[in-house]
Amino acid sequence: MRRLHRPAFTLVELLVVIAIIGVLVALLLPAVQAAREASRRTKCNNNLKQIGLALHNHHDIRGHFPHATYNYIDSTFFTPPPYNGKYDRRSWFHDTLPFVEQMPYFDNFSSFSETGQSALSYQQLDTVVGTFTCPSDPASPKTKTFWGGMAGQPTQGFSGNYMVCAGSDYFNDNGNLASSANRNGIFYAISKTTMAEITDGTSNTAFTSEIILSPDTNGHDIRGRYFNPAHSGVSFSTRIPPNTMIPDQFNWCQATPVRRAPCIYTGSNIFVSARSYHPGGVLLGLADGSVRFLSNTVDPALFRALGTRGGGEVIGNY
């Protein structure tokens, strides 16, 4: 009888096939990752548009944009007139909730806040509002903090990625608390900025942007902490271009923040810079409601000019 010979791969052929598959995977993986990041960036862009619309709706109803904070920067358990101690740790985040389809949440919080208790005592302070989270940040949404809030709360609440622009410089000057209520941007302590005050033009004035969240590993990192904003973590400054490795300066900076978001623990000359995980830059919301991608290599003078509402600078194309 004739013996049948079945064709089969040799070891060399098998290794060649494996090598070809490996090369194809190596070629496709960056494309897949780029497509995923493009989708995440589109989502982030949409979030900033929704927040910008919410801030404008607040202006239409209240006659001004919301305060960045109700406290002076780096001042706690005290709110200046007309609040005289009420609304401790309340921020712009809370005031925009009715305009991002969170009216029941806002009503509940507002009733609580009216009693004079600090936002750090609010029972639902760890509620995540997805509109305020960037899908490119692996630490977002952040609700776990180094230790808890007040009245036995196990956390200091939800931290998100989106900030409002306080201006082009520090949030307070040499630790002067009251100076935080006189900044050159749209949003600062007890600010009540109107559209008429944006004399640089709404398309030339920064409104919102992003930060990178740092998990609380060996201390508090208050950047993005909407329920404890009195130490400055809900605003950003345009004094330094995006994604800088120059450390942010603020109170309650943990010992080892994430590498891409360095910081220095201080109560004087506080500022926070715009940062993101989007390759090459950050998304910047403008006061006209538009959102633009701004490169890390943007001219520093131009970026500072974008932070002011009435500096009279000529912006040009960017």
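Visitor: Is Cys44 buried or exposed?
Guide: Cys44 counts as buried, at 0% relative accessibility. Buried means under 20% relative accessible area, exposed over 50%, and partly exposed in between, with a 1.4 Å probe and protein chains only.

Visitor: What kind of model is this?
Guide: This is a predicted model, where local features need pLDDT of at least 70, side-chain atom pairs count only at pLDDT 80 or more, and totals for chains, interfaces and linings use all residues. Residues are numbered from 1 along each chain as its sequence is written, and side-chain values use heavy atoms, with hydrogens and water left out.

Visitor: How many disulfides does the structure hold?
Guide: One. A disulfide here is a pair of cysteine sulfur atoms within 2.5 Å.

Visitor: Which residues does it join?
Guide: Cys253 and Cys263, with an S to S distance of 1.9 Å. The link is right-handed, with 70° about the S-S bond.

Visitor: Where do Cys253 and Cys263 lie?
Guide: Cys253 is in the loop between strand E4 (248–250) and strand E5 (263–265), and Cys263 is in strand E5, so the pair ties together parts 10 residues apart in sequence. Strands (E, at least two residues) are DSSP runs, numbered from the N terminus.

Visitor: Buried or exposed, those two?
Guide: Cys253 is buried at 7% relative accessibility, and Cys263 is buried at 15%.

Conventions:
Helices (H or I, at least four residues) and strands (E, at least two) are DSSP runs, numbered from the N terminus.
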